[in-house]
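I opened the notebook to record what I looked up in this structure. Entries follow in the order I made them.

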Amino acid sequence: MVFKEIDKIKVKGKDEAITIYEPVGLESEVEKKVLDELKLWHQTIRSYRFPPMDQVEVNLLNLQRMNPDCSLYELYAKGSGGQAQKPSAGRMGRRDRFRREIAADAVP
């Protein structure tokens, strides 16, 4: 099974954040272009969390071109806000805001 990492969230009653994933499909049935997109996404989300963030905005732009219907990429792009050079404390504030947006979008 292939999964797409969405984010890490802090759950009430737990000390450590947990990772949430979206199931993509069986590895044998997932197209190569989707696997390539996932590889780039996982590189991007790692870079987003751990500076330097130099490549994050470029990767997000490429991901949006690969899959324009994926609102997750748009949210992360909005969360990065073109601020790759800002101190990490500032990025954490933006991350928290758009994580709330992700959670709000997930509620039917």
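**Entry 1: overall layout**

What pattern does the protein chain follow, read along the sequence? I read it as β-β-α-α-α-α. The model is a predicted one. I count two strands and four helices in its secondary structure.

Next I checked burial. The protein chain has 108 residues, and 31% of them are buried. Then I looked at contacts between residues at least 6 apart in sequence. Of these, 50% join residues at least 24 apart.

**Entry 2: α1 against α2**

I took the pair α1 and α2. Helix α1 covers residues 32–49, and helix α2 covers residues 56–66. Their axes are 9 Å apart, and the packing angle is about 155 degrees. Angles over 145 degrees count as roughly antiparallel, so α1 is roughly antiparallel to α2. I noted the crossing of α1 and α2 as left-handed.

Which residues make the contact? From α1 I listed K33, D36, E37, L40, W41, T44, S47 and Y48. From α2 I listed V56, N59, L60, N62, L63 and M66. I sorted the residues of this contact by class. Seven are nonpolar, four are polar and three are charged.

I looked at N59 first. N59 sits in helix α2. Is N59 buried or exposed? Its relative accessible area is 8%, so N59 is buried, the cut-off being under 20%. Leaving out residues up to four places away in sequence, N59 touches L40 and T44. With T44 there is also a polar contact: the side chains of N59 and T44 are joined at 3.1 Å.

L63 came next. L63 is in helix α2 too. Its relative accessible area is 0%, and L63 is buried. Which residues does L63 contact, leaving aside neighbours within four places in sequence? I found E37, L40, W41, T44 and Y73. L63 and T44 are 19 residues apart along the chain, and their C-alpha atoms are separated by 9.3 Å.

I compared the two contact lists. L40 and T44 are on the list for N59, and L40 and T44 are on the list for L63.

**Entry 3: α2 against α3**

I moved on to helix α3, residues 71–80. At what angle do the axes of α2 and α3 cross? I have roughly 155 degrees, with the axes coming within 9 Å. The cut-off of 145 degrees applies again, so α2 and α3 are roughly antiparallel to each other. The crossing of α2 and α3 is left-handed.

I wrote down both sides of the contact. E57, L60, L63 and Q64 are the α2 residues. Y73, E74, Y76, A77 and S80 are the α3 residues. By class I get five nonpolar, two polar and two charged residues.

L60 and L63 deserve a cross-reference. L60 and L63 belong to the contact of α2 with α1. L60 and L63 also belong to the contact of α2 with α3.

**Entry 4: two residues of α3**

I picked A77 in helix α3. How accessible is A77? Its relative accessibility is 24%, so A77 counts as partly exposed. Not counting residues up to four places away in sequence, A77 touches L60 and Q64. I also checked A77 against N59. They are 18 residues apart in sequence, and the C-alpha to C-alpha distance is 9.5 Å.

K78 is also in helix α3. Is K78 buried or exposed? At 52% relative accessibility, K78 counts as exposed, the cut-off being over 50%. I checked K78 against L60. The two are 18 residues apart in sequence and 9.9 Å apart in space, C-alpha to C-alpha.

**Entry 5: D7 in strand β1**

Last, I looked up D7. D7 is found in strand β1, residues 2–9. Its relative accessibility is 2%, so D7 counts as buried. Which side chain makes a polar contact with the side chain of D7? It is that of Y76, at 3.4 Å. I had already listed Y76 among the α3 residues that meet α2.

Key
Residues are numbered from 1 along each chain as its sequence is written. This is a predicted model: local features need pLDDT of at least 70, side-chain atom pairs count only at pLDDT 80 or more; totals for chains, interfaces and linings use all residues. Side-chain values use heavy atoms; hydrogens and water are left out. Axes are lines fitted to C-alpha atoms, for helices over the stretch in contact, and angles run from 0 to 180 degrees between N-to-C directions. Angles under 35 degrees count as roughly parallel, over 145 as roughly antiparallel, 65 to 115 as roughly perpendicular and the rest as oblique. A crossing is left-handed if the near helix is turned anticlockwise from the far one by less than a right angle, and right-handed if clockwise. Contact means heavy atoms within 4.5 Å. Ala, Val, Leu, Ile, Met, Phe, Trp, Tyr, Cys and Pro count as nonpolar, Asp, Glu, Lys and Arg as charged, and the others, Gly among them, as polar. Buried means under 20% relative accessible area, exposed over 50%, partly exposed in between (1.4 Å probe, protein chains only). A polar contact is a pair of N or O atoms within 3.5 Å; within protein, one must be able to donate a hydrogen and the other to accept it, and residues adjacent in sequence count only if both atoms are side-chain atoms.
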